[in-house]
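Here is a short report on one protein chain. Please keep the sequence and the 3D view at hand while reading.

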Amino acid sequence: MIKNILINFKKYQFLLLQLVSRDFKVKYKRSFLGIIWSLLYPILTMTVMALVFTNMFKMSMPGINYLVYLMSGLVIFNYFSEASNLAMSSVVSNFSLINKVYIPKYIFPLSKCLFVGINFLLTLIPLYGLIIITGTGVNVYHLLLPFVIVCLFLFTVGVGFILSTISVFLRDVFYIYGVVTTLLQYMTPIIYDFSIIPEHLQIIFKCNPLYWFIYFARDIILYSKAPSINIWFYCFVFALGTLLIGILVFKKNQDKFIYYV
């Protein structure tokens, strides 16, 4: 299927671009600020969370800037959460189009991940603005960040394939997944220091792929160092493994989609 995806990607790249373009038009239709919201939203979210956790709960990170710590985790989790949610409903919401013409069905969850991915790249602008303003600094290790961005994208596409397949057969997943993402958010060290987790529970938290993606990014952004080999390995394995599982699940079930319109 990977070979077919690459062939069809070139063949249907115009359609893919049109789907991504359509999502942008729909999202920002009748919006006064338009795409600027992609920059403002993470800033406003971070501001609210920072006010709550620094003033009410007195959260802080010794030796590093807490706002950068918060923002670096937030942008990664928000990308995964939004992209996987949109990918989950992408096949179901395009049944009318699937019934009329032949289109590779995987193009729908893929287009959602690409659409949110563009927004994700825009959110890096306020992140780097914060890095510069707080004096955290930019160094040569930041050139390694594209690796974890690609891993995050591949992982999310894999999850999107799995969710979009399940949602065709079980519409309850739309409600269940909201609970799952909430639980996942608390199991990802976005607002808190991972060291506060009891040692016997840390292994459970480390089974969360987002933990390793955020860990990779924070080593570079906050600690100005290259991540260790094991962090590279976990990021790569979680990304590629989830993508392959997603492809297999989607391929095995895609011909049955038409019976569940």
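The text below goes from the overall fold to helix pairs, single helices and a few residues.

**Overall fold**

This is a predicted model. The protein chain holds 11 helices and 0 strands. Read from the N terminus, the order of elements is α-α-α-α-α-α-α-α-α-α-α. Of the 261 residues, 47% count as buried.

**Two helix pairs that share α7**

Helix α7 covers residues 145-169 and packs with helix α4, residues 66-90. It also pairs with helix α10, residues 209-221. The table sets out the geometry.

| Pair | Angle between axes | Axis separation | Handedness of crossing |
|---|---|---|---|
| α4 and α7 | about 30° | 7 Å | right-handed |
| α7 and α10 | roughly 165° | within 10 Å | left-handed |

Take α4 and α7. Angles under 35 degrees count as roughly parallel, and α4 and α7 are therefore roughly parallel to each other. On the α4 side, the contact is made by Ile 76, Tyr 79, Phe 80, Ala 83, Ser 84, Ala 87, Met 88 and Ser 90. On the α7 side, the residues are Leu 152, Phe 153, Phe 155, Thr 156, Val 159, Gly 160, Leu 163, Ser 164 and Ser 167. By class, this contact has 11 nonpolar and 6 polar residues, with no charged residues.

Now α7 and α10. Angles over 145 degrees count as roughly antiparallel, and α7 and α10 are therefore roughly antiparallel to each other. From α7, the contact uses Leu 145, Phe 147, Val 148, Cys 151, Leu 152 and Phe 155. From α10 come Pro 209, Leu 210, Phe 213, Phe 216, Ala 217, Ile 220 and Ile 221. The classes here are 13 nonpolar, no polar and no charged residues.

Leu 152 and Phe 155 of α7 are listed in the contact with α4 and also in the contact with α10.

Helix α6 spans residues 107-133 and has 27 residues. From first C-alpha to last, α6 reaches 40 Å, close to the 39 Å expected at 1.5 Å a residue. Just after α6, Gly 135 takes a positive phi of about 75°.

Gly 117 is found within α6. Its relative accessible area is 14%. Buried means under 20%, so Gly 117 is buried.

Ser 224 lies in the loop between α10 and α11. Ser 224 has a positive phi of about 50°, although it is not a glycine. At 35% relative accessibility, Ser 224 counts as partly exposed.

Helix α11 takes in residues 229-253, 25 residues in total. At 1.5 Å a residue, α11 should span 36 Å, and its end C-alpha atoms are 36 Å apart, which agrees. The buried residues of α11 include Ile 231, Cys 235, Ala 239, Thr 242 and Leu 243. Further along α11, Gly 246, Ile 247, Phe 250 and Asn 253 are buried too.

Methods:
Residues numbered from 1 in each chain as written. Predicted model: local features only at pLDDT ≥ 70, side-chain atom pairs only at ≥ 80, totals over all residues. Heavy atoms only, no water. Axes fitted to C-alpha atoms, helices over the stretch in contact; angles between N-to-C directions. Helix = DSSP H or I, 4+ residues; strand = E, 2+ residues; numbered from the N terminus. Parallel < 35°, antiparallel > 145°, perpendicular 65-115°, else oblique. Left-handed = near helix turned anticlockwise from the far one by under 90°. Contact = heavy atoms within 4.5 Å. Nonpolar A, V, L, I, M, F, W, Y, C, P; charged D, E, K, R; others polar. Expected span 1.5 Å × (residues − 1). Buried < 20%, exposed > 50% of the residue type's maximum accessible area, 1.4 Å probe, protein only.
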